[in-house]
Amino acid sequence: MNEPVMTKQHLRSIARLTFGNAASLIYLGVVAATAVFVTVDTLFVAHEDASFAGVWLFFLAAPTVFVFLLGSSMWGTEAAGPDWYLYLALAVSVLVQSFALGWFVRLLRGGAGRTRSAHPQGV
């Protein structure tokens, strides 16, 4: 029979890679702290000129956020698209990068899928 593409085990593995390691949690914490800083700076601090505080979120979400922005410009929308698309692109790119960071940490540690035998075959 055909197995479903996304099983509970696949979803757990994706969630573990995205949220279940120290590197991803630190990255997500820095992004959350930066988002709070940008929100406070935008709403409660008066500036004579425009504030560039929001640029820090793009720095943290780079380079994947620029792929989303490039995709929106290829569809013929304006430079950054509507506000909801910009926020969605930031959120999805941060989650993609957190997943990639978790995958990289797992890769460096030797991976969960590899089995290590005390007595290798053929030696």
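**Reading the model**

Modeller: Phe104 counts as partly exposed, because its relative accessibility is 42%. Buried means under 20% relative accessible area, exposed means over 50%, and partly exposed lies in between (1.4 Å probe, protein chains only). Phe104 has its place in helix α5. The model is predicted, so local features need pLDDT of at least 70 and side-chain atom pairs pLDDT 80 or more, while totals for chains, interfaces and linings use all residues. Residues are numbered from 1 along each chain as its sequence is written, and side-chain values use heavy atoms, without hydrogens and water.

Colleague: Is Ile26 buried or exposed?

Modeller: Ile26 counts as exposed, because its relative accessibility is 58%. Its place is in helix α2. Ser98 is 72 residues from Ile26 in sequence, yet 9.5 Å from it in space, C-alpha to C-alpha.

Colleague: And what does Ser93 count as?

Modeller: Ser93 counts as buried, because its relative accessibility is 0%. Like Phe104, which is in helix α5, Ser93 has its place in helix α5. Over the whole protein of 123 residues, 24% count as buried.

Colleague: How many helices and strands does the protein have?

Modeller: There are five helices and zero strands. Both are DSSP runs, numbered from the N terminus: helices are H or I, at least four residues, and strands are E, at least two. Along the sequence, the pattern reads α-α-α-α-α.

Colleague: Which residues does the cis peptide bond join?

Modeller: First the general idea: most peptide bonds are trans. Here a cis peptide bond joins Ala62 and Pro63, with omega at about 5°. Pro63 lies in the loop between α3 and α4, and α4 covers residues 64-74. Pro63 also brings us back to Ser93: the two are 30 residues apart in sequence and 8.3 Å apart in space, C-alpha to C-alpha.

Colleague: What volume does the largest pocket have?

Modeller: Its volume is about 500 Å³. A pocket is an open set of points on a 1 Å grid, over the protein atoms alone, where a 1.4 Å probe fits, with protein on both sides within 12 Å along at least five of seven lines; lining residues have an atom within 4 Å of a point. The volume is the space filled by probe spheres set on the points, which are joined across faces, edges and corners.

Colleague: How many residues line the second largest pocket?

Modeller: The second largest pocket holds about 160 Å³ of space. It is lined by 10 residues, and closest to its centre are Arg16, Leu17, Asn21, Gly102 and Arg106. α1 (8-19) and α5 each supply at least two residues of this lining. The largest share, four residues, comes from α5. The lining of the second largest pocket divides into three nonpolar, four polar and three charged residues.

Key. Ala, Val, Leu, Ile, Met, Phe, Trp, Tyr, Cys and Pro count as nonpolar, Asp, Glu, Lys and Arg as charged, and the others, Gly among them, as polar.
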